[in-house]
Amino acid sequence: MTSADPALAELLNSRIRDVPDYPKPGVLFKDIAPLLADAEAFGALTRALADRAKALGATKVVGLEARGFVLAAPAAFAAGLGFVPIRKEGKLPGEVHRQSYDLEYGSATLEVQCDAFTPGERVLVVDDVLATGGTIGASLDLVRRAGAELAGVVVLMELGFLTGRERLAEHLDGAPLETLVLV
């Protein structure tokens, strides 16, 4: 499902810069720095994420390292909710839940603190981009293992030519996956 607000999608997309051949030749990088630097666009994005968190009955907003933090934290604040970071392995103190997942070449591990959620708490997971779905899928599994329920997932951009949405279907368990800008 993509954004129900075409004007919002147009505003956000107009502030996302294409950077050819970054980080390597043949890749077209979608740079959200201009969007974040624009008060109107960043404010509209923050309000849209906060509204979705409230509408889905979330009690916390989860952001995925690293750009997901930049989107999720202000949205959580605007919605009057707490923010929980999911980080790369070794970045959080104390006891953590871990979830490993496969990458194109190798694997990675994500972590969340064991006391981040109370049992049954509903969370909205926010990230900047849905590509192949590996990071978000691992995060959803991690959220559930930590005792929370998934209210939904919202991503700023979905790279529709990749298989991320299909890969996430098994991890969503009926929770909505929403995209603000489809690329």
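The model is a predicted one, in which local features need pLDDT of at least 70 and side-chain atom pairs count only at pLDDT 80 or more, while totals for chains, interfaces and linings use all residues. Residues are numbered from 1 along each chain as its sequence is written, and side-chain values use heavy atoms, with hydrogens and water left out.

One of these pairs joins D38 to R15 at 3.2 Å, N to O, and R15, D38 and E40 are linked in a network of salt bridges. Another pair, D31 with R17, has its closest N and O atoms 2.6 Å apart and connects strand β2 (residues 28-31) to strand β1, across 14 residues. The salt bridge between D128 and R67, at 2.7 Å between the closest N and O atoms, ties strand β7 (residues 122-130) to helix α4, the partners being 61 residues apart; helices (H or I, at least four residues) and strands (E, at least two) are DSSP runs numbered from the N terminus. D128 counts as buried at 5% relative accessibility, whereas R67 is partly exposed at 33% (buried is under 20% relative accessible area, exposed over 50%, partly exposed in between, with a 1.4 Å probe and protein chains only).

Helix α4 (residues 67-79) also packs against helix α3 (residues 39-55), at an angle of about 65° and with the axes 8 Å apart, where axes are lines fitted to C-alpha atoms over the stretch in contact and angles run from 0 to 180 degrees between N-to-C directions.

Technical notes. A salt bridge is a side-chain nitrogen of Lys or Arg within 4 Å of a carboxyl oxygen of Asp or Glu.
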